[in-house]
Amino acid sequence: MEINVNFSENAKNDFNLVVRAKNGEQKAYADLMQRYKESIYFMVLKMVNNKDDAQDLTVETFGKAFQKLDKYQPEFAFSTWLFRIATNNCIDFIRKKKLNTLSIDRLVDEEGNNQPLQIKSDTLNPEESSIKKQQASELKMIVEGLPQRYRNLIMLRYFEELSYDEIAKELDLPLGTVKAQLFRARDLLSNVLNRRRKDINSDF
């Protein structure tokens, strides 16, 4: 992997961190995140206009970037590549959010008459309910296998749906610590789930 000769000093430093990260140096990952987490967050915040969503999407951006680090080619600066991932991640998020939104003011029949909004019931049939309960039970079992500090964060954030600020108060931790540990917790959970899927697929 050859570096672009036109890179600035910052881009060259990023390139060196990427190389070290690809070689398994954990501090290099942390340094890359430290360099860009604030700028990524504020860019994402402008796009989604919600602090909690922006925080989650920032974490997801770094997760996706680090997962795809082998695909990064230094034709462009790492920062350019990272911001592209963040932008695409936000666009996907916004698109999915819009799919779940319907305007009741524009629902008309073929003759132009207003029609009542028909919404599919959120009530699950017995089979769907059973499957959902089983999946939730399996996920909780996997979460229980995580180290306690990460387990608590996952439970509070994704099962009890607390905000970052609420978690910080609940655990009496600095907000920055909560964000950093939750990033690590999600990474650990993702690795466990991926290994579990591979084990299940290998059985067939």
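Contact here means heavy atoms within 4.5 Å. With that in hand, let's work through some exercises on this predicted model.

**Exercise 1. Work out which elements the protein chain has and how much of the chain is buried.**

Solution. Start with the elements: the protein chain has 8 helices and 0 strands. Read from the N terminus on, they run α-α-α-α-α-α-α-α. Next comes burial: of the 204 residues in the protein chain, 30% are buried. For the surface, the protein chain exposes about 14,400 Å², and carbon and sulfur atoms supply 49% of that. Finally, look at the contacts with a separation of 6 or more: residues 24 or more positions apart account for 57% of them.

**Exercise 2. Find the place of Asp14, decide whether it is buried or exposed, and list its contacts.**

Solution. Asp14 sits in helix α1, residues 9–22. Its relative accessible area is 1%, and buried means under 20%, so Asp14 is buried. To find its contacts, leave aside neighbours within four places in sequence; Asp14 then touches Leu32, Arg35, Tyr36, Phe78 and Ser79.

**Exercise 3. Describe how helices α2 and α3 pack, and which residues make the contact.**

Solution. Take the geometry to begin with: α2 (residues 26–48) and α3 have axes 8 Å apart and pack at an angle of about 135°. That angle makes the pair oblique. As for handedness, α2 and α3 cross in a right-handed way. Now for the residues. From α2 come Tyr29, Leu32, Met33, Tyr36, Lys37, Ile40, Tyr41, Val44, Leu45 and Val48. From α3, the contact includes Leu57, Phe62 and Phe66, along with Lys51 and Asp53. By class, the contact divides into 13 nonpolar, 3 polar and 3 charged residues. Note that Leu32 and Tyr36 of α2 take part here, and that both are also among the contacts of Asp14.

**Exercise 4. Do the analysis again for helices α6 and α7.**

Solution. Helix α6 covers residues 148–159 and helix α7 residues 164–171; their axes come within 10 Å and cross at roughly 140°. The two helices are therefore oblique to each other. The crossing of α6 past α7 is right-handed. On the α6 side, Leu153, Leu156 and Arg157 make the contact, and on the α7 side Tyr164, Ile167, Glu170 and Leu171. Sorted by class, that gives 5 nonpolar, no polar and 2 charged residues.

**Exercise 5. Which residues does Asp52 contact, leaving aside its neighbours within four places in sequence?**

Solution. With a relative accessible area of 28%, Asp52 is partly exposed. Its contacts are Arg157, Ser163 and Tyr164. Of these, Arg157 and Tyr164 also belong to the contact of α6 with α7. Now check a distance: the C-alpha atoms of Asp52 and Tyr164 are separated by 7.4 Å, although these residues are 112 residues apart along the chain.

Key
Residues are numbered from 1 along each chain as its sequence is written. This is a predicted model: local features need pLDDT of at least 70, side-chain atom pairs count only at pLDDT 80 or more; totals for chains, interfaces and linings use all residues. Side-chain values use heavy atoms; hydrogens and water are left out. Helices (H or I, at least four residues) and strands (E, at least two) are DSSP runs, numbered from the N terminus. Buried means under 20% relative accessible area, exposed over 50%, partly exposed in between (1.4 Å probe, protein chains only). Axes are lines fitted to C-alpha atoms, for helices over the stretch in contact, and angles run from 0 to 180 degrees between N-to-C directions. Angles under 35 degrees count as roughly parallel, over 145 as roughly antiparallel, 65 to 115 as roughly perpendicular and the rest as oblique. A crossing is left-handed if the near helix is turned anticlockwise from the far one by less than a right angle, and right-handed if clockwise. Ala, Val, Leu, Ile, Met, Phe, Trp, Tyr, Cys and Pro count as nonpolar, Asp, Glu, Lys and Arg as charged, and the others, Gly among them, as polar. Accessible areas come from the Shrake-Rupley method with a 1.4 Å probe; for residues, only the protein chains shown count as cover.
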